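Here is a walk through one model, taken piece by piece. Keep the 3D view open and click along as you read.

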Amino acid sequence: MGLTIGVDLGGTKVAAAVVDEDGTIVARTRSETPNTGADATVGAILEAVRGLREQHPQVEAVGVGAPGFIDERRSTVLFLTNLAGWRHRPLRAELEQALGLPVVVENDANVAAWGEAVYGAGRGEEYLVCVTVGTGIGGGIIVGGQLYRGRFGVAAEVGHFRVEPNGRPCGCGNRGCWEQYCSGNALVREARWRAAEDREGASLMLSYGDGSPEGINGLDITDAARRGDRVAIASFESVGRWLGQGLADLAAILDPGCFVIGGGVSEAGDLLLEPARRTYTEVLTGRAYRPLAEIRQATLGNDAGVVGAADLARHL
């Protein structure tokens with residue numbers, strides 16, 4: 001195929017792009033995700049795709065990345081985490097009927113992983129794990145150059161393996177999930193707690209907001225850490241150690257050639273990745289007798305979703 005369209009559906013945005021075979025974005029559009037239910041969101045997806053097709057009528061297929069459980073046929077949305085009203089919705093059939101084009105529907109972390117594997121930091125690796133550290137944690141697994149989806153299509157929910165029995169409650173209903181200790185939310189929680197304990201050490205970070213720990217946000221933490229705020233740096237150290245521990249556990253099971261770390265928190269670079277690499281090396285089982293997988297920062301940024309979804313549409 002030549003041109004395809006990738007759609008990245010999120011809790012706040014519907015991003016779409018026309019992508020060529022080299023992974024280059026030719027045209028793009030973005031709108032807010034409607035808050036009036038699934039029908040309106042499907043309408044927003046159709047509007048985005050139709051608008052792009054008017055500019056590029058030679059588009060041959062559409063891929064959609066959605067934040068939740070997609071069935072094994074890459075067709076039905078079983079459940080979307082942060083969007084109300086999405087339960088067992090046959091999205092692929094709806095879109096194909098409305099657009100007259102072949103469509104594939106996939107989990108958003110899977111499409112990001114595929115984008116990084118084909119065009120980004122994982123290019124050339126046939127065995128890799130992509131971990132997106134954002135508000136929560138998402139994951140995608142590539143095995144033998146193929147996206148691993150599991151028997152029922154819902155594999156790689158890595159943010160919800162439990163690292164602390166009876167630990168912090170998670171939105172999934174369990175307690176002690178990895179994303180409760182290693183995510184954007186976890187970073188903010190850690191920084192606020194540490195700032196309350198050490199206001200002097202957090203003086204720079206506190207100065208960005210209203211002066212209270214509750215006013216600290218993720219961007220404040222990253223900027224303050226880059227400028228030497230010791231509490232902000234310690235907060236990244238804590239979250240980075242949890243990241244390294246989780247990657248070591250995944251390596252013991254999956255043995256990838258590399259890990260690609262994406263998501264908004266990864267934009268802090270070595271503030272997050274250095275403690276992760278250090279911990280990974282320290283705790284990996286059998287570390288003295290096995291090769292170590294590389295831990296790389298993702299390179300496609302916010303485009304990983306649309307680029308990955310567009311390329312998956314070429315592999316229907």
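Glutamine 146 is exposed, because its relative accessible area of 52% is over the 50% cut-off. You'll find glutamine 146 in strand E11. Bear in mind as you go that this is a predicted model.

**The sheet around E10**

Glutamine 146 has a partner across the strands: valine 143 is bridged to it. Strand E11 covers residues 146–147, and it pairs with E10 in the antiparallel sense over 2 bridges. The hairpin of E10 and E11 has 2 residues between the strands, and glycine 144 in that hairpin takes a positive phi near 60°.

How far is glutamine 146 from leucine 292 in space? The two are 146 residues apart in sequence, and their C-alpha atoms are 22 Å apart.

Now move along to E10 itself, residues 137–143. This strand is mostly covered, with 6 of its 7 residues buried. E10 also pairs with strand E9 (residues 128–133), again in the antiparallel sense, this time over 6 bridges. A hairpin of 3 residues joins E9 to E10.

In general, strands of a sheet pair through backbone hydrogen bonds, either parallel or antiparallel. Zoom out and you'll see an open sheet of 5 strands in the order E11-E10-E9-E12-E13, with mixed pairing. Its edge strands are E11 and E13 (294–297), each of which pairs on one side only.

The loop between E11 and helix H4 (184–197) holds arginine 149. Is arginine 149 buried or exposed? Arginine 149 counts as buried, since its relative accessibility is 10% and the cut-off is under 20%.

Alanine 156 is buried, with a relative accessible area of 11%, and its phi is positive, near 70°, in a residue other than glycine.

Alanine 156 also turns up in the lining of the largest cavity. Rolling a probe the size of a water molecule over the atoms shows where empty space is left. Here the count comes to 1 cavity of 30 Å³ or more, and the largest cavity has a volume of about 30 Å³. Its lining is made up of Gly68, Asn107, Asn110, Gly139, Gly153, Val154, Ala155, Ala156 and Glu157. By type, those lining residues divide into 3 nonpolar, 5 polar and 1 charged.

**Another positive phi**

Arginine 74 is in the loop between strand E5 (68–70) and strand E6 (77–80). Its phi is near 55°, a positive value in a residue other than glycine. Arginine 74 counts as buried because its relative accessible area is 15%, and buried means under 20%.

Helix H7 runs over residues 230–254, which makes 25 residues. From its first C-alpha to its last, H7 reaches 35 Å, close to the 36 Å expected at 1.5 Å a residue. Have a look at both ends. At the start, a side-chain oxygen of aspartate 229 comes to within 3.1 Å of the backbone nitrogen of valine 231. After H7 comes aspartate 255, with a positive phi near 50°.

Over in helix H8 (residues 270–283) you'll find leucine 271. At 21% relative accessibility, leucine 271 counts as partly exposed. Leucine 271 and alanine 225 are 46 residues apart in sequence, and 7.7 Å apart in space from C-alpha to C-alpha.

**Accessibility side by side**

Here are the residues above with their accessibility values.

| Residue | Relative accessibility | Class |
|---|---|---|
| Arginine 149 | 10% | buried |
| Alanine 156 | 11% | buried |
| Arginine 74 | 15% | buried |
| Leucine 271 | 21% | partly exposed |
| Glutamine 146 | 52% | exposed |

Methods. Residues are numbered from 1 along each chain as its sequence is written. This is a predicted model: local features need pLDDT of at least 70, side-chain atom pairs count only at pLDDT 80 or more; totals for chains, interfaces and linings use all residues. Side-chain values use heavy atoms; hydrogens and water are left out. Helices (H or I, at least four residues) and strands (E, at least two) are DSSP runs, numbered from the N terminus. The expected span of a helix is 1.5 Å times one less than its number of residues. A polar contact is a pair of N or O atoms within 3.5 Å; within protein, one must be able to donate a hydrogen and the other to accept it, and residues adjacent in sequence count only if both atoms are side-chain atoms. Buried means under 20% relative accessible area, exposed over 50%, partly exposed in between (1.4 Å probe, protein chains only). Two strands pair if DSSP finds at least two bridges between them. On a 1 Å grid over the protein atoms alone, a cavity is a set of points where a 1.4 Å probe fits but cannot get out, and a pocket is an open set with protein on both sides within 12 Å along at least five of seven lines; lining residues have an atom within 4 Å of a point. Grid points are joined across faces, edges and corners, and a volume is the space filled by probe spheres set on the points. Ala, Val, Leu, Ile, Met, Phe, Trp, Tyr, Cys and Pro count as nonpolar, Asp, Glu, Lys and Arg as charged, and the others, Gly among them, as polar.
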